[in-house]
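Open the model in your viewer and keep the sequence panel beside it. This tour tells you what to select at each stop.

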Amino acid sequence: MEPGAGDGAPHYNDNNAHRRPGDMSATSEKDAEKEAARIDPVLKRLWKQGDWDPETVLTAMLALGYEETRTGPKGEHLGGQLDVRPLESRYETDHYVTPEGARIGLRVHEDACVTAFVQKSNYSVSVNGPYMETGCFSPPFAH
């Protein structure tokens with residue numbers, strides 16, 4: 001069995017590498033923590049006010065001086081470091097539901113992100129390295 005192989009399935013670590021964030025340098029992690037400390041009080045305020053729709057969250061993040069990520073026609077990065085999206089839909093009982101709220105991905109350095117969300121029940125701000133295929137956002141679950 002592979003070390004850290006979850007349920008012991010063959011090639012578990014290889015098959016799930018995309019679900020693990022990359023490593024951050026100590027300097028990048030420190031910079032990401034600084035940005036997380038700037039974002040946290042803003043999300044706390046929005047959460048207490050009941051303002052968690054993606055447009056309101058984006059406006060609040062832009063007011064902190066971040067620039068929205070821009071991409072070209074072939075997906076190339078043209079600038080910016082901020083991505084605000086709706087929360088991901090999830091299956092409940094017999095259909096998919098998209099909960100109210102927003103998730104935030106802020107690329108601080110090539111190897112460092114601030115990942116956050118705000119929704120009716122709570123909010124959270126954390127730092128992590130980027131994910132192999134999905135950047136600052138953790139990849140969706142698959143079966």
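Touching here is contact, meaning heavy atoms within 4.5 Å. S28 lies in helix α2. Is S28 buried or exposed? S28 is buried, with a relative accessible area of 8%. The classes are buried under 20% relative accessible area, exposed over 50% and partly exposed in between, using a 1.4 Å probe and protein chains only.

A note on the source: this is a predicted model, where local features need pLDDT of at least 70, side-chain atom pairs count only at pLDDT 80 or more, and totals for chains, interfaces and linings use all residues. Residues are numbered from 1 along each chain as its sequence is written, and side-chain values use heavy atoms, with hydrogens and water left out.

**Whole fold**

Switch to cartoon view. The protein has 3 helices and 8 strands, in the order α-α-α-β-β-β-β-β-β-β-β along the sequence. These are DSSP runs numbered from the N terminus: helices are H or I with at least four residues, strands are E with at least two. Of the 143 residues, 32% are buried. Take the contacts between residues at least 6 apart in sequence: 44% of them join residues at least 24 apart.

**The aromatic pair**

Select W47 and Y123. A search of the whole structure finds 1 aromatic pair. W47 and Y123 form it, tilted, at 5.8 Å centre to centre with 45° between the planes. W47 is in helix α2 (residues 26–49) and Y123 in strand β8 (residues 123–128), so the pair ties together parts 76 residues apart in sequence. To pair, rings of Phe, Tyr and Trp (its six-membered ring) need centres within 6.5 Å; planes under 30 degrees apart are stacked, over 60 edge-to-face, the rest tilted. W47 is partly exposed, at 28% relative accessible area.

**A charge over a ring**

Next, select R103 and F137. R103 lies over the face of F137, 4.7 Å from the ring centre. The test is NZ of Lys or CZ of Arg within 6 Å of the ring centre and within 35 degrees of the ring normal.

**Strands at a pocket**

Finish with β3 (82–86) and β6 (101–109). Each supplies at least two residues of the lining of the second largest pocket.
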